[in-house]
Amino acid sequence: MPFSSLQAVVLAAGTGTRYPELTSGIPKCLMPVGPFPMIWYPLHTLQKSGFQGATVVVLETQKAEIQQALEKTPLTMKLDFATIPADSDFGTAESLVHIQHRIDRDIVVISCDSITSFDLEPLVAMFDQNDATLATLFFDAEEQPAVQIPGPKSTKHVNERELVGVHLATNRLLFAGYFSDYEESFDVSGRLLRRFGRLCMYTRILDSHIYVMKRWVVDFLANSRHFGTIKNELLPYLVKKQLSKPKAPPESERATSEYNVNVRLDDIFHYACDGDVLKILKEKTNKSTPHSSDIIKVYAQIVPKESFGLRVNTMTNYCLANRSVLANWTDIMGAGAPPLISSSCDNKCTQLNLCAVADNSVLEEKTSLKSCTIGANCTISSKTRITESIIMKGATIEEGVVLENCIVCENAIVRQGSELKGCIVGRFYVVQDQTKAEKALLAHSEACIEI
């Protein structure tokens, strides 16, 4: 399926409520991951896969800042920004409905926090070859390394374990839920087993928030108004609807499609059957695969273990993303990977190991940096030692500072001689001379948000 027949939509209006210490005052999608903002990675994935452009959904109040940040990256694809109200609390499905008028064909939807080295072509091919309603990508979550999270919280957010059933012979997604939805056991429909014979249940994979879907699904969402999110509401609904067929409504509520099949105007089959689906059913029923006559079909592609895939939706995953991106830069970026160290930075550091340094930052002599992300316009003074830390744009680290497993947010200052381990320094905060701290949040009160 040529990518020109698909429209790419990147959802970037989230506010990062799971790590407010970092996102207070800045768009979540501009959080630094390696040398680029987080949103750059899904856009790069689309560009690498062959897309020439994408629609980026952002909050109205953040559009200019995000647009300016992306103009400084090595993207060549054309970006069209669509906005949603700043005071809205739209889920992913509601965001698609809000920009419905700007969607004119089948779409690839990708979240701004999805980072992967996997090429989207196999997922798109699966969608096209099977005339799928929706195809989704899952990441392997079995071998993610443990990371120490900076800050004072003793508990960490853990991605809720998913329960996913796939028919391996066809890659049909037949079961989608969470472990927390069931106490000790779960039931699988006998009708489903009779249709497909067997399914493989996965317990160590995570939804990537990357979907390919029919254009008519957006119309259905707009008219049903019952779905807030794609992952938790729309996807399970479509999975369950796969074994269903249109029901004949009462005469007073009937509408006849061009193929003379009666459907209810308020039912999903009204949207599915008004396309080419019925024509395909008439021509191919019992001629292709055993399940080609299904009107609604959901497919799953599981990213192979050798490919990188991660959603940066928690503090844990944010720290993991920065370290993983640095360690797997060439694999994630592919051929022609941009450099980790910007050519515009003033780098006098001779001990720079596995680090990313963004534009216009200054690294003085006699500094030691290992496994670090240094944002744009930062100053790292001499005699500093920084390990496994994230320094966001505009931050200043003065002479003789030691940082280990820390996050220093935008425009913060760490004064000379300070030693911080496992700490978060909030935006514009000044850590005074000779401060010694461990597992602390050093921030102005408005940044200390608990949820």
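Predicted model: local features only at pLDDT ≥ 70, side-chain atom pairs only at ≥ 80, totals over all residues.
Is Asn-171 buried, partly exposed or exposed, and what is its relative accessible area?

**View A. Asn-171, a residue other than glycine with a positive phi.** Asn-171 is partly exposed, with a relative accessible area of 30%, a value that falls between the limits of 20% for buried and 50% for exposed residues. The residue sits in the loop that runs between strand 9 (162-167) and strand 10 (172-178), and its phi is positive, at about 65 degrees, although Asn-171 is not a glycine.

**View B. Lys-366, a loop residue with a positive phi.** The loop between strand 20 (362-363) and strand 21 (368-370) holds Lys-366, whose phi is near 60 degrees, a positive value in a residue other than glycine. With a relative accessible area of 63%, Lys-366 is exposed, since the value is over 50%.

**View C. Lys-63 and its contacts.** Lys-63 belongs to helix 3 (residues 63-71) and, at 31% relative accessibility, counts as partly exposed. When residues up to four places away in sequence are not counted, Lys-63 touches Val-58, Phe-81 and Thr-83. For one of these, Phe-81, which is 18 residues apart from Lys-63 along the chain, the separation between the two C-alpha atoms is 7.4 Å.

**View D. The stacked rings of Phe-36 and Trp-329.** The count of aromatic pairs in the model comes to nine. In the pair shown here, the ring centres of Phe-36 and Trp-329 lie 6.2 Å apart and the ring planes meet at 20 degrees, so the pair is stacked, the limit for this class being under 30 degrees. The pair links distant parts of the chain, with Phe-36 in strand 3 (residues 36-37) and Trp-329 in helix 12 (residues 329-333), 293 residues apart. Phe-36 is buried, with a relative accessible area of 12%, and Trp-329, at 7% relative accessibility, also counts as buried. Ring pairs join Phe-36 and Trp-329 with Trp-40 and Tyr-41 into a cluster.

**View E. The edge-to-face rings of Phe-227 and Tyr-237.** Here the ring centres of Phe-227 and Tyr-237 are 5.1 Å apart and their planes stand at 65 degrees, so the pair is edge-to-face. Because Phe-227 lies in the loop between helix 7 (215-224) and helix 8 (230-241), while Tyr-237 lies in helix 8, the pair ties together parts that are 10 residues apart in sequence. Phe-227 is buried, at a relative accessible area of 13%, whereas Tyr-237 counts as partly exposed, at 25% relative accessibility.

**View F. The largest cavity.** A search of the whole structure finds two cavities of 30 Å³ or more, and the largest of them holds about 60 Å³ of space. Its lining includes Pro-150, Cys-319, Arg-323, Glu-388 and Ile-407, and helix 11 (residues 315-327) gives the most to this lining, with three residues. By class, the lining residues divide into five nonpolar, five polar and two charged.

**View G. The second largest cavity.** About 40 Å³ of space lies in this cavity, which is lined by Leu-11, Thr-92, Val-109, Ile-110, Ser-111, His-209, Tyr-211 and Ile-230. Strand 6 (107-111) and strand 12 (205-213) each supply at least two of the lining residues, and the largest share, three residues, comes from strand 6. The lining of the second largest cavity comprises five nonpolar, three polar and no charged residues.

Technical notes. Residues numbered from 1 in each chain as written. Heavy atoms only, no water. 1 Å grid on protein atoms, 1.4 Å probe; cavity = no way out; pocket = protein on both sides within 12 Å on 5 of 7 lines; lining within 4 Å. Points joined across faces, edges and corners; volume = space filled by probe spheres on them. Helix = DSSP H or I, 4+ residues; strand = E, 2+ residues; numbered from the N terminus. Nonpolar A, V, L, I, M, F, W, Y, C, P; charged D, E, K, R; others polar. Buried < 20%, exposed > 50% of the residue type's maximum accessible area, 1.4 Å probe, protein only. Contact = heavy atoms within 4.5 Å. Phe/Tyr/Trp six-rings, centres within 6.5 Å; stacked < 30°, edge-to-face > 60°.
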